[in-house]
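My entries follow in the order in which I looked.

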Amino acid sequence: MDLRYSESDLAFRAELRSWLADVLPTLPPKPAPDDWPARRDWDTGWQRQLFEAGYAGINWPKEYGGRGATLTEQLIYLEETTRAGAPYIGVNFVGMLHAGPTVMAEASEEQKAFHLPRILRGEEVWCQGFSEPGAGSDLASLSCKAFRDGDHYVVTGQKIWTSFAQVADWCELLVRTDASSKHKGITWLICPMDLPGIEIRPLRTIVGSSEFSEVFFDEVRVPVSQRVGDENDGWRIAMVTFSFERGTGFISDLVETDKMISELVELAKRVTRKGATAWDDVALRREIGQMQAQMDALWAMTKRNLAQAERNGVPGVGGSVVKLYYSELFQRLTDVAMRLLERASLSRDDVGQLVGSGSFVEERLRSTSFTIAAGTSQIQRNIVAERILGLPKDR
Amino acid sequence: MDFELTDDQIALQEGLRSFCSGRFPIEVVRAVEATGGIDRDRWRELADMGTFALRLAEDAGGVGLGTADAVLAFEELGRALVPGPLVWTHLAAGLVDGAATGEVVVTGIERDDASGVIEFPATADVLLILDTDGAWRVDVADLALAPLDPPLDPLTPVARLTAPLPQGAKVLDAGPAAELRLTGAALTAGQLLGISTATTDLAVAFAKERVQFDRPIGQFQALKHLMADMLTRSEVARGAVYAAGVTVDDPEVGPVARAVAAAKLTAGEAAVENTKTCVQVHGGMGYTWEVDAHLQLKRAYVLDAAFGGREHWAEAMADLAFT
Ligand SMILES: Cc1cc2nc3c(=O)[nH]c(=O)nc-3n(C[C@H](O)[C@H](O)[C@H](O)COP(=O)(O)OP(=O)(O)OC[C@H]3O[C@@H](n4cnc5c(N)ncnc54)[C@H](O)[C@@H]3O)c2cc1C
């Protein structure tokens, strides 16, 4: 076991760090949360900058224009960009992390040649049309249907919680092409979002903004050439899509969590009660110390997962354990912030001297989604119990 | 960076695992209750396996391995619930004659430990005392002790000091003694990790077998989720425990005390929470003396308190990370 970074890792870190130091101060101010066109421009602009500097698609293979970095370099990349406060991947999330890798693995040469360079350069934004009102955790029960009419699939149905739908050019869309089979009746389509018959109705989230939408399809004609893989083989492809969340998928969330613990300490030093700061309270210091210990442990586990992925191509205990642990840790730390702030938590704007109080309140609300999105914690526990521990299935 | 076991480390781990299952099956472990927590013959076998001399340099008669390796060895000892003051005797190797070879059994205490509780009072030969000035040795026979009965863990007998600790003979200066304390915490974390996974295995095996309402209880989601949390705690702690071993050996990769804090705290949490859950999964059987779950639970508490408990390390972590 060896935790030392190699010379080339250290060089990569130094080069990236200095590039970030140069470029981050030159970024335009962040747009307002609900100005979606501006958000799209901002996020894709950053993607373009990454591309020009050779950092886009750090985990993408070189043959598809990515950097083909080692897993350790990916870890360094995510660590440095998150620590430096670089823009979050934002609207590029689905394209870069889900759809792009799925296209690489499963799509035709024409589809690859068309989409991959555009995604990398920030010229294409994708959304994920998987969940439906009747099909969330039980995704395979989805019913948005598509039938063949000549060279087209005619799609009718509804998707929900579709993040970034209002600014997306393309949708990775799962449709029901055979009603007689649950898992073997699903097809994976690349659906252009500007086709007639698509209606997007933004949903207001718990934080008040509209990250996701309901998307309605009314006899939308999607060319058959937009299909990825075979008809009715979409479930397998969706599983490929999900598998990209493993390995390095959650690393930036972990770095973010680590950063939030430090910010919580800063907040605790600003909160005064009974003539002392909250940080003077040993009970609070212990509670935060415990979270930091858990965070450090999780980070060490991530390095083990990477080492195992590097060796066998499969990450150690996989993404479920990481996701379960960090999401609940993050929620706990925002809970501590709420308790610390007491009535100063009534505002999502910073209250007086309490710099950062507003963002903690917002993070408390936002992090309620961490145990829901991308597979709820209950589903993750089912996966750990059945696939790792081998406990008998319910059905 | 390659944070995965080397082939040698895997061999060490497997060697100890098969040694423990061959020489320390649970009947043997349970039998030491009658002999003060230690069976001298098996203790020497542990020494022959290199348990105590593992980190001692080869020219001093040791095996010459590092703390990262020792942590793996102690994980196996923890998994098998091998009894005795293993960590203290290991730390004493090279400092107390006979410790490395298993001739002399060494227990230990922090001088400022207000409880005055001594482990293995009837069977240990030497008491190692750690304080801010260094490490000191005293013969256990010279201590004034009053019995404490019954102990929390039937396999960890205890007594109480009735007079202040003697100063003892100095065996180590302050600096190396402080390092010894961190190593002790890292190895104890290894044992806790071993218990946390053994108890998960025990719970899972039982849940696959035990039938209620015409199905194996492992099919009930309420239990599945408890056991998923057991695995999660163990695996997260494993990262920290292995990292602590590596960091003790190679302090350039990070602050040692912080790595040890994360390891001891998360491994203690994993062992205590998982052993409690294992009892719960077993139902009424879990409450009996017959099922091993109680031995795991009790040892988890014993080791969680050793070399600084979770309260200690949580506070230490806050100081280490944020001041
Ligand atoms: C912020 C956010 C962004 C999202 N973005 C997208 C997106 O871009 N594209 C997309 O397709 N989807 C997206 N989703 C949807 C997300 O994938 C689903 O919300 C999630 O899979 C859960 O499905 P559901 O909401 O229907 O809840 P349900 O499945 O109805 O679950 C409700 C409750 O029942 C529990 N439950 C369900 N089944 C089981 C079971 N078998 N065992 C135990 N408990 C169970 C759940 O854990 C949960 O507590 C997003 C969600 C959020 C919160």
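Entry one, the interface. I am working from a predicted model, and I began by looking for salt bridges across the interface of chain A and chain B, where the rule finds eleven. I noted one pair by name: the side chains of Arg286(A) and Glu315(B) meet in a salt bridge, with 3.1 Å from N to O.

I then asked how many residues each chain brings to the contact, and found 49 residues from chain A and 50 residues from chain B. Between them chain A and chain B bury about 4,600 Å², and 63% of this area lies on carbon and sulfur atoms.

Entry two, a helix pair in chain A. I turned to helix α7 (residues 251–270) and helix α10 (residues 357–366) of chain A, whose axes come within 11 Å and cross at roughly 135°. The two helices, α7(A) and α10(A), are therefore oblique to each other, since an angle has to be over 145 degrees to count as roughly antiparallel. The crossing in which α7(A) passes α10(A) is left-handed.

Which residues make this contact? From α7(A) I listed Met260(A), Glu263(A), Leu264(A) and Leu267(A), and from α10(A) I listed Ser357(A), Phe360(A) and Glu363(A). Sorted by class, the contact of α7(A) with α10(A) has four nonpolar residues, one polar residue and two charged residues.

Key. Residues numbered from 1 in each chain as written. Chains lettered and ligands numbered in written order. Predicted model: local features only at pLDDT ≥ 70, side-chain atom pairs only at ≥ 80, totals over all residues. Heavy atoms only, no water. Axes fitted to C-alpha atoms, helices over the stretch in contact; angles between N-to-C directions. Helix = DSSP H or I, 4+ residues; strand = E, 2+ residues; numbered from the N terminus. Parallel < 35°, antiparallel > 145°, perpendicular 65-115°, else oblique. Left-handed = near helix turned anticlockwise from the far one by under 90°. Contact = heavy atoms within 4.5 Å. Nonpolar A, V, L, I, M, F, W, Y, C, P; charged D, E, K, R; others polar. Buried area = accessible area lost by both parts, 1.4 Å probe. Salt bridge = Lys/Arg side-chain N within 4 Å of Asp/Glu carboxyl O.
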